[in-house]
Amino acid sequence: MLLVDNTGTMRYGGRGEMTVRGIQEFVRLTEPGDHVSVLSYGEEAVIELRDSPVAIEDDADRNRVVA
């Protein structure tokens, strides 16, 4: 489960970009059979992946999570 801070403070100092890079790296390191869910929060919590959790089987699954 990735919990992503989407509050206003993440817009400063490159924090948002660093968060995206961290998510990309995390997803890159997943192995077949892993499952990934992404939840963001700001004003309210939001499940970012419709079919959460995503079962990681190949690069297409990784790309869907990163997108």
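Let me begin with the largest pocket, in which about 300 Å³ of space lies; please keep in mind throughout that this is a predicted model. As a reminder of the idea behind such a search, rolling a probe the size of a water molecule over the atoms shows where empty space is left. Here the largest pocket is lined by 16 residues, and those lying nearest its centre are Val 4, Thr 19, Val 20, Ile 23 and Val 38. If we sort the lining by class, we find 9 nonpolar residues, 5 polar ones and 2 charged ones.

Which elements supply at least two residues each of that lining? They are strand E1, residues 2-5, then H1, then strand E3, residues 38-41, and finally H2, with H1 giving the largest share of the lining, namely 5 residues.

To place those elements in the chain, the protein has 2 helices and 5 strands, and from the N terminus on they run in the order β-α-β-β-β-β-α. Taken along the principal axes, the box filled by the C-alpha atoms is roughly 35 × 20 × 15 Å.

Now to the two helices. In general, two packed helices are described by the angle between their axes and the distance between the axes. For helix H1, residues 15-28, and helix H2, residues 59-66, the axes come within 10 Å and cross at roughly 160°. Since angles over 145 degrees count as roughly antiparallel, that crossing makes H1 roughly antiparallel to H2. The crossing of H1 and H2 is also right-handed. On the H1 side the contact is made by Gln 24, Val 27 and Arg 28, while on the H2 side Arg 62, Val 65 and Val 66 take part; by class, the residues of this contact divide into 3 nonpolar, 1 polar and 2 charged.

My last point concerns the backbone. Most peptide bonds are trans, but in this model the bond from Ser 52 to Pro 53 is cis, with omega near -5°. And where does Pro 53 have its place? Pro 53 is in the loop between strand E4, residues 45-47, and strand E5, residues 54-55.

Methods
Residues numbered from 1 in each chain as written. Predicted model: local features only at pLDDT ≥ 70, side-chain atom pairs only at ≥ 80, totals over all residues. Heavy atoms only, no water. Axes fitted to C-alpha atoms, helices over the stretch in contact; angles between N-to-C directions. Helix = DSSP H or I, 4+ residues; strand = E, 2+ residues; numbered from the N terminus. Parallel < 35°, antiparallel > 145°, perpendicular 65-115°, else oblique. Left-handed = near helix turned anticlockwise from the far one by under 90°. Contact = heavy atoms within 4.5 Å. Nonpolar A, V, L, I, M, F, W, Y, C, P; charged D, E, K, R; others polar. 1 Å grid on protein atoms, 1.4 Å probe; cavity = no way out; pocket = protein on both sides within 12 Å on 5 of 7 lines; lining within 4 Å. Points joined across faces, edges and corners; volume = space filled by probe spheres on them.
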